[in-house]
Amino acid sequence: MKKDLNSLLHDWPNNFIHDTELALLLQKSDNARYSLVKRALKAEDLIRLRKGLYLIADKIRQKLPNEFELALQIYQPSAISLESALSFHGWIPEAVYTTTCVTPKRAQEFENKFGVFSYKHVPDQGFYRGVNRSSIGTAVMFMAAPWKAVADLIYTQRKEWNNLAQLEEDLRIDHDIIMSSDKVLLKELWQNYPSVRVQKVLKRFLSEIKKNQGKAS
């Protein structure tokens, strides 16, 4: 006996399913499949994340998915960066209501019942430099380290911070956080980020941090 769509979705091995996977699962004509998916969306058995990608409702009833986990499913390849990464690491005090990401593909923005997911284009070269595999509970994600998020901000928003004071004031970053930050990664990004403009700003930051630490000692 053929299983109905709900049973098939219940047996699906993960929380997400694509149109192409539904086509293989259902083995019906396009019109018949669209009709079944439309009914599943109306009944909220499926939740649309973007065109062609759905969340299976009965797999998340006990625990809503993490927005960062969703972000990396909605548009690939991507990494959490910019304001979302800085907030995650405690560098900025504000809550971030749009989940901000970077991607080597073209910029995109998606909105669904879980929020707004914004993807800014950055160079493909060294895309994962300064990006770490992180987890929150069972959710696995790619998260930019703080200086990588700053570098991406300089690139995507054309920031022209001339010194650390401007960076700290603009983003409301505590000076002590900057002073105790990862200088090894900052130097690596200064030397390798594929944008001369970004490199110049990061080099100024590193020089100023070293100068301030030299005075303190």
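**The pocket, a helix and some charged pairs**

Guide: The largest pocket is lined by Glu69, Leu72, Gln73, Gln76, Pro77, Ser78, Tyr128, Val140, Met141 and Phe142. This is a predicted model, in which local features need pLDDT of at least 70 and side-chain atom pairs pLDDT 80 or more, while totals for chains, interfaces and linings use all residues. Residues are numbered from 1 along each chain as its sequence is written, and side-chain values use heavy atoms, with hydrogens and water left out.

Visitor: What makes a residue part of the lining of a pocket?
Guide: On a 1 Å grid over the protein atoms alone, a pocket is an open set of points where a 1.4 Å probe fits, with protein on both sides within 12 Å along at least five of seven lines, and a lining residue has an atom within 4 Å of a point. The lining of the largest pocket divides into six nonpolar, three polar and one charged residue.

Visitor: Which residues of helix 7 are called buried, and why are they said to line one face?
Guide: Buried means under 20% relative accessible area, exposed over 50%, and partly exposed in between (1.4 Å probe, protein chains only). In helix 7 (residues 164–171), the buried residues are Leu164, Leu167, Glu168 and Leu171. Seen down the axis of helix 7, these buried residues fall within an arc of 95 degrees, so they line one face of the helix.

Visitor: How do you know that Asp170 and Lys159 form a salt bridge?
Guide: A salt bridge needs a side-chain nitrogen of Lys or Arg within 4 Å of a carboxyl oxygen of Asp or Glu. The closest N and O atoms of Asp170 and Lys159 are 3.1 Å apart, so the pair meets that rule. Asp170 lies in helix 7 and Lys159 in the loop between helix 6 (146–157) and helix 7, so the pair ties together parts that are 11 residues apart in sequence.

Visitor: What makes Arg129 and Glu188 a salt bridge?
Guide: Their closest N and O atoms are 3.0 Å apart, and so the pair qualifies. Arg129 lies in the loop between strand 7 (115–121) and strand 8 (131–136) and Glu188 in helix 9 (residues 183–192), so the pair ties together parts that are 59 residues apart in sequence.

Notes: Nonpolar A, V, L, I, M, F, W, Y, C, P; charged D, E, K, R; others polar. Helix = DSSP H or I, 4+ residues; strand = E, 2+ residues; numbered from the N terminus. Arc of directions from axis to C-beta.
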